[in-house]
Amino acid sequence: MSVAVLDSKTVTRFVEAKEAFKKCVEKYFKMVDSNGNGVICRRKLREGLDLLFTVEHESTVSKEDIDNFHCMIFDKFDEDRNGKLDLYEFVALVKEIMMAMARGMGSLPVIVALDQDSLLMMAVQHEIGS
(Lines give C-alpha, C1' and ligand atoms only; values in the text may rest on other atoms or scores of the structure.)
Protein backbone atom coordinates (compact mmCIF):
# COMPACT_ATOMS: atom_id res chain seq x y z
CA MET A 1 0.00 0.00 0.00
CA SER A 2 1.07 3.53 -0.73
CA VAL A 3 -0.45 6.83 0.23
CA ALA A 4 -1.17 9.21 -2.63
CA VAL A 5 -2.86 12.54 -3.17
CA LEU A 6 -5.19 12.80 -6.14
CA ASP A 7 -8.25 14.59 -7.40
CA SER A 8 -10.68 14.25 -10.27
CA LYS A 9 -8.24 15.84 -12.72
CA THR A 10 -5.62 13.19 -11.95
CA VAL A 11 -8.05 10.42 -12.89
CA THR A 12 -9.59 12.27 -15.84
CA ARG A 13 -6.23 13.06 -17.43
CA PHE A 14 -5.20 9.42 -17.09
CA VAL A 15 -8.37 8.17 -18.80
CA GLU A 16 -8.01 10.81 -21.52
CA ALA A 17 -4.42 9.68 -22.22
CA LYS A 18 -5.94 7.00 -24.44
CA GLU A 19 -2.83 4.94 -25.20
CA ALA A 20 -1.47 4.94 -21.64
CA PHE A 21 -4.89 4.12 -20.22
CA LYS A 22 -5.59 1.34 -22.73
CA LYS A 23 -2.16 -0.20 -22.09
CA CYS A 24 -2.87 -0.36 -18.34
CA VAL A 25 -6.37 -1.77 -18.86
CA GLU A 26 -5.01 -4.39 -21.30
CA LYS A 27 -2.61 -5.53 -18.57
CA TYR A 28 -5.54 -6.04 -16.20
CA PHE A 29 -7.62 -7.71 -18.90
CA LYS A 30 -4.89 -10.30 -19.37
CA MET A 31 -4.78 -10.92 -15.62
CA VAL A 32 -8.56 -11.36 -15.41
CA ASP A 33 -8.65 -13.47 -18.60
CA SER A 34 -6.60 -16.14 -16.85
CA ASN A 35 -7.19 -18.81 -19.50
CA GLY A 36 -6.15 -16.44 -22.31
CA ASN A 37 -9.19 -16.95 -24.53
CA GLY A 38 -9.71 -13.21 -25.09
CA VAL A 39 -12.99 -12.87 -23.18
CA ILE A 40 -14.15 -12.55 -19.58
CA CYS A 41 -17.17 -14.39 -18.18
CA ARG A 42 -19.40 -13.10 -15.36
CA ARG A 43 -17.51 -14.96 -12.62
CA LYS A 44 -14.14 -13.73 -13.87
CA LEU A 45 -15.44 -10.16 -14.07
CA ARG A 46 -16.49 -10.26 -10.44
CA GLU A 47 -13.06 -11.59 -9.43
CA GLY A 48 -11.43 -8.99 -11.66
CA LEU A 49 -13.38 -6.06 -10.24
CA ASP A 50 -12.43 -7.19 -6.76
CA LEU A 51 -8.80 -7.18 -7.93
CA LEU A 52 -8.96 -3.81 -9.69
CA PHE A 53 -11.04 -1.86 -7.22
CA THR A 54 -11.16 -2.49 -3.50
CA VAL A 55 -14.61 -1.46 -2.42
CA GLU A 56 -15.61 -1.28 1.19
CA HIS A 57 -19.27 -1.81 1.94
CA GLU A 58 -21.32 -2.03 5.07
CA SER A 59 -21.94 -5.49 6.40
CA THR A 60 -25.66 -4.85 5.94
CA VAL A 61 -25.25 -5.21 2.17
CA SER A 62 -26.27 -8.75 1.27
CA LYS A 63 -24.32 -11.07 -0.97
CA GLU A 64 -27.38 -11.13 -3.22
CA ASP A 65 -27.28 -7.33 -3.60
CA ILE A 66 -23.59 -7.46 -4.45
CA ASP A 67 -24.20 -10.26 -6.98
CA ASN A 68 -27.05 -8.26 -8.55
CA PHE A 69 -24.78 -5.23 -8.79
CA HIS A 70 -22.09 -7.23 -10.60
CA CYS A 71 -24.70 -8.71 -12.96
CA MET A 72 -26.04 -5.25 -13.76
CA ILE A 73 -22.54 -4.03 -14.60
CA PHE A 74 -21.86 -7.07 -16.76
CA ASP A 75 -25.13 -6.72 -18.66
CA LYS A 76 -24.58 -3.01 -19.29
CA PHE A 77 -21.19 -3.55 -20.92
CA ASP A 78 -21.83 -6.84 -22.75
CA GLU A 79 -22.79 -4.91 -25.88
CA ASP A 80 -23.09 -7.90 -28.19
CA ARG A 81 -25.02 -9.90 -25.55
CA ASN A 82 -22.84 -12.97 -25.97
CA GLY A 83 -22.36 -13.52 -22.23
CA LYS A 84 -18.70 -12.51 -22.34
CA LEU A 85 -16.74 -9.25 -22.27
CA ASP A 86 -14.04 -8.74 -24.86
CA LEU A 87 -11.20 -6.23 -24.48
CA TYR A 88 -13.20 -3.41 -26.11
CA GLU A 89 -16.13 -3.93 -23.71
CA PHE A 90 -13.78 -4.24 -20.72
CA VAL A 91 -12.00 -0.98 -21.58
CA ALA A 92 -15.39 0.78 -21.78
CA LEU A 93 -16.38 -0.65 -18.39
CA VAL A 94 -13.16 0.39 -16.66
CA LYS A 95 -13.32 3.85 -18.25
CA GLU A 96 -16.87 4.33 -16.94
CA ILE A 97 -15.86 3.24 -13.44
CA MET A 98 -12.80 5.49 -13.41
CA MET A 99 -14.80 8.52 -14.60
CA ALA A 100 -17.46 7.84 -11.95
CA MET A 101 -14.71 7.77 -9.34
CA ALA A 102 -13.36 11.07 -10.68
CA ARG A 103 -16.80 12.68 -10.45
CA GLY A 104 -17.13 11.40 -6.90
CA MET A 105 -13.79 12.87 -5.85
CA GLY A 106 -14.50 16.36 -7.04
CA SER A 107 -11.85 19.02 -7.47
CA LEU A 108 -10.40 18.97 -3.97
CA PRO A 109 -7.39 16.71 -3.45
CA VAL A 110 -7.93 13.59 -1.38
CA ILE A 111 -5.38 11.46 0.41
CA VAL A 112 -5.90 7.75 -0.23
CA ALA A 113 -4.14 4.48 0.47
CA LEU A 114 -3.69 2.61 -2.82
CA ASP A 115 -2.38 -0.77 -3.83
CA GLN A 116 0.76 -0.35 -5.90
CA ASP A 117 -0.85 -2.07 -8.92
CA SER A 118 -4.24 -0.31 -8.74
CA LEU A 119 -5.54 1.77 -11.61
CA LEU A 120 -5.78 4.81 -9.34
CA MET A 121 -2.09 4.41 -8.50
CA MET A 122 -1.36 4.21 -12.21
CA ALA A 123 -3.29 7.46 -12.65
CA VAL A 124 -1.08 9.08 -9.99
CA GLN A 125 2.06 7.70 -11.63
CA HIS A 126 0.87 8.93 -15.02
CA GLU A 127 0.41 12.42 -13.61
CA ILE A 128 3.86 12.37 -12.01
CA GLY A 129 5.40 11.22 -15.30
CA SER A 130 3.67 13.92 -17.34
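How many salt bridges does a search of the whole structure find? I worked from a predicted model, and the search returned seven salt bridges.

**Entry 1: within helix H2.** I looked up Glu 26 and found a salt bridge to Lys 22, with 3.8 Å between the closest N and O atoms. I placed both residues in helix H2 (residues 18-32), where they are four residues apart, about one turn of the helix. I recorded Glu 26 as partly exposed, at 27% relative accessible area. I noted Lys 22 as partly exposed too, at 36%.

Entry 2: I then examined Arg 42, which pairs with Asp 75 at 2.5 Å between the closest N and O atoms. I listed Arg 42 as partly exposed at 39%, and Asp 75 as partly exposed at 35%.

I also found a salt bridge between the side chains of Arg 46 and Asp 67, at 1.9 Å from N to O. Arg 46 lies in helix H3 and Asp 67 in helix H4, so the pair ties together parts 21 residues apart in sequence.

**Entry 3: a network.** I noted that salt bridges link Arg 43, Lys 44 and Glu 47 in a network.

**Entry 4: the nonpolar surface.** I located a nonpolar surface patch formed by Val 3, Val 5 and Ile 111, with about 330 Å² of accessible area together. I found Ile 111 in strand S2 (residues 110-114). I classed Ile 111 as exposed because its relative accessibility is 65%, and the cut-off for exposed is over 50%.

How values were computed: Residues numbered from 1 in each chain as written. Predicted model: local features only at pLDDT ≥ 70, side-chain atom pairs only at ≥ 80, totals over all residues. Heavy atoms only, no water. Patch = residues over 30% accessible without salt bridge, like charges linked within 9 Å, V, L, I, M, F, W, Y side chains within 5 Å. Areas by Shrake-Rupley, 256 points an atom, 1.4 Å probe, with all protein chains shown as cover. Salt bridge = Lys/Arg side-chain N within 4 Å of Asp/Glu carboxyl O. Helix = DSSP H or I, 4+ residues; strand = E, 2+ residues; numbered from the N terminus. Buried < 20%, exposed > 50% of the residue type's maximum accessible area, 1.4 Å probe, protein only.
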